[in-house]
Amino acid sequence: MSLSHIVIIGAGQAGASAILELRAHGYEGKLTLVGDEPHLPYERPPLSKEVILTPDSARVEILSAEKLAALKVTLITGNGAERLDPEARLVELENGDTLGYDKLLLATGGAPRRLPMLDSLAQQVYTLRNLEDARKLITVFTAEKSIVLVGGGVIGLELASSASARGCRVTVLEQEPMVMKRCAPAALGEYLVGRHRAQGIDVRLSTGIHSAELQGEEVHLLLEDGQTLVADAVVYGIGIVPNVRLAITAGLEVDGAILVDEHCRSSHPDIYAAGDVAARRNGADRPRRIESWENANHQAAIFARHVLGQEPPPARAPWFWTDQLGINIQFVGDMAAAQWHLRGDMASGTDSAFTLIGVSNGTLVAGITVNQPREMRNLRKMVDKRVCFQPEQHLDVTRDLRKLA
Ligand SMILES: Cc1cc2nc3c(=O)[nH]c(=O)nc-3n(C[C@H](O)[C@H](O)[C@H](O)COP(=O)(O)OP(=O)(O)OC[C@H]3O[C@@H](n4cnc5c(N)ncnc54)[C@H](O)[C@@H]3O)c2cc1C
């Protein structure tokens, strides 16, 4: 089938990346990017970091209006897709307009998982997913305010760090016994709890909320351990729910996320999905959804090359990063590795720089660098090559990882 019109729903990371990939790989047909937000495509990682810490200089734009024009892309903003008809190959937008397509990419991302107990307060309660959310937080995180962050995941800890840097008194409530449990080993979690506490952030583990009420301008939280916390504002980050409504109503295979094959193709051959909304089957493994900037870009590239009949980009172990309290942490590979080994010194204070190496069945399957971004390149190579773990070499800091990679 000749391709004359590709439509991308969702003008976020995967959507913008797909545009760049399609044009870079020779697609010359019509290209339409449909966004429900009023903005040009922008990046989300700075929202919890630079946008709050340095609002005047933070840059988030992925594609400028000039770049979109040069790429001959029709960008529709503030007018999301409302309905899909896969058989007629039609998308209906919120304003009733329809678009025909030959191939369609769903890159609709996700929305914050809701906590009805807090939402019911209707005031002084915030979540973070988009630029407007971040701009609100800039006005909320002012000096001396007392802020409670519910959820000790990546976003919760990044926000704790940003709020603390803006002079707030910060408490983090995590119901699990460790922070970042979903995406990092306990050793890193313990290190981060120590660093956050050293910064004056009150991190409370294994702590749930029993009830919440608004008293005047304050939120009163009754905790499950019987204690009460009073806050000027509560921000919660307890994960996301993929935006699958369009896919469900179009009859695509969905199981929490849109299920796609290794080419990012959904159960309908003309419709693909990429990024936070997609769970991709790769080989014999169960479909897996990955929430990261790099995954959104990688899956966009897989989609673009497949519709153009080209070779996929090389497979690589998943990679992501977080920045908190001035510490840069990068992760590669399988965070469920059976054992973790320390290379370097974890306890040397604020400037500590070290690496954690994840091993399963004698093979190096994962790595985490803390304040050692340069080591990540070597670790990635080692994880991609699945090198055999050799503790006497890999854990000896006098040995250059570059030479072992
Ligand atoms: C605050 C924050 C910090 C982060 N920090 C990091 C980090 O440090 N490192 C890292 O690796 N990852 C980070 N991430 C994750 C990363 O940003 C996401 O994984 C990535 O943005 C996913 O890209 P996406 O295109 O799938 O979704 P998104 O970028 O969310 O884009 C989806 C877009 O689709 C739109 N949309 C939804 N429904 C419709 C519809 N029906 N019609 C039209 N448009 C629609 C949405 O409004 C949105 O604009 C962070 C995320 C957040 C929120």
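## A walk from the ligand outwards

Let's start at the ligand: the shell around it draws at least three residues from each of domain 1 (5–111 + 240–307) and domain 2 (114–236), with domain bounds taken from an automatic or database domain assignment. Bear in mind that this is a predicted model, in which local features need pLDDT of at least 70 and side-chain atom pairs count only at pLDDT 80 or more, while totals for chains, interfaces and linings use all residues. Residues are numbered from 1 along each chain as its sequence is written.

The ligand is surrounded by 36 residues, and the closest are Gly10, Gly12, Gly80, Gly109 and Gly275; a residue is near a molecule if its C-beta atom, placed from the backbone, lies within 6 Å of it. Sorted by class, the shell has 16 nonpolar, 13 polar and 7 charged residues. Here Ala, Val, Leu, Ile, Met, Phe, Trp, Tyr, Cys and Pro are nonpolar, Asp, Glu, Lys and Arg are charged, and the others, Gly among them, are polar. Helix H1 (13–24), helix H9 (293–307) and strand E22 (319–324) each give the shell at least two residues. Those labels are DSSP runs numbered from the N terminus, with helices (H or I) of at least four residues and strands (E) of at least two.

Now step back to the domains. Besides domain 1 and domain 2, the assignment gives domain 3 (326–404). The C-alpha centres of domain 1 and domain 2 lie 30 Å apart. Their contact takes 12 residues from domain 1 and 13 residues from domain 2, where two residues are in contact if their C-beta atoms, placed from the backbone, lie within 7 Å. On the side of domain 1 that touches domain 2, the largest share, 3 residues, comes from helix H2 (residues 50–53). That side divides into 8 nonpolar, 2 polar and 2 charged residues.

What about the protein as a whole? It has 12 helices and 26 strands. Its radius of gyration is 22 Å, close to the 22 Å that the globule rule gives for 405 residues, so the protein is as compact as a globular protein of that length. (The radius is taken over C-alpha atoms, and the rule is 2.2 Å times the number of residues to the power 0.38.) Along the principal axes, the C-alpha atoms fill a box of roughly 60 × 60 × 40 Å. Buried residues make up 40% of the 405; buried means 20 or more other C-beta atoms within 10 Å of a residue's own, exposed means 12 or fewer, and partly exposed is in between, with C-beta atoms placed from the backbone.

Helix H10 (residues 373–385) is worth a look. Its 13 residues reach 19 Å from first C-alpha to last, close to the 18 Å expected at 1.5 Å a residue, the expected span being 1.5 Å times one less than the number of residues. Glu375, Met376, Leu379, Met382 and Val383 are its buried residues. They pack against strand E23 (327–333), strand E25 (354–360), strand E26 (363–370) and helix H12 (401–404).

Finally, the backbone. Most residues other than glycine have a negative phi. Just after H10, though, arginine 386 takes a positive phi of about 50°. Asparagine 361, in the loop between E25 and E26, also has a positive phi of about 50°, and this residue is exposed, with 10 other C-beta atoms within 10 Å. Glutamine 124 has a positive phi of about 60° and sits in the loop between helix H4 (116–119) and strand E9 (125–126). With 19 C-beta neighbours inside 10 Å, glutamine 124 counts as partly exposed.
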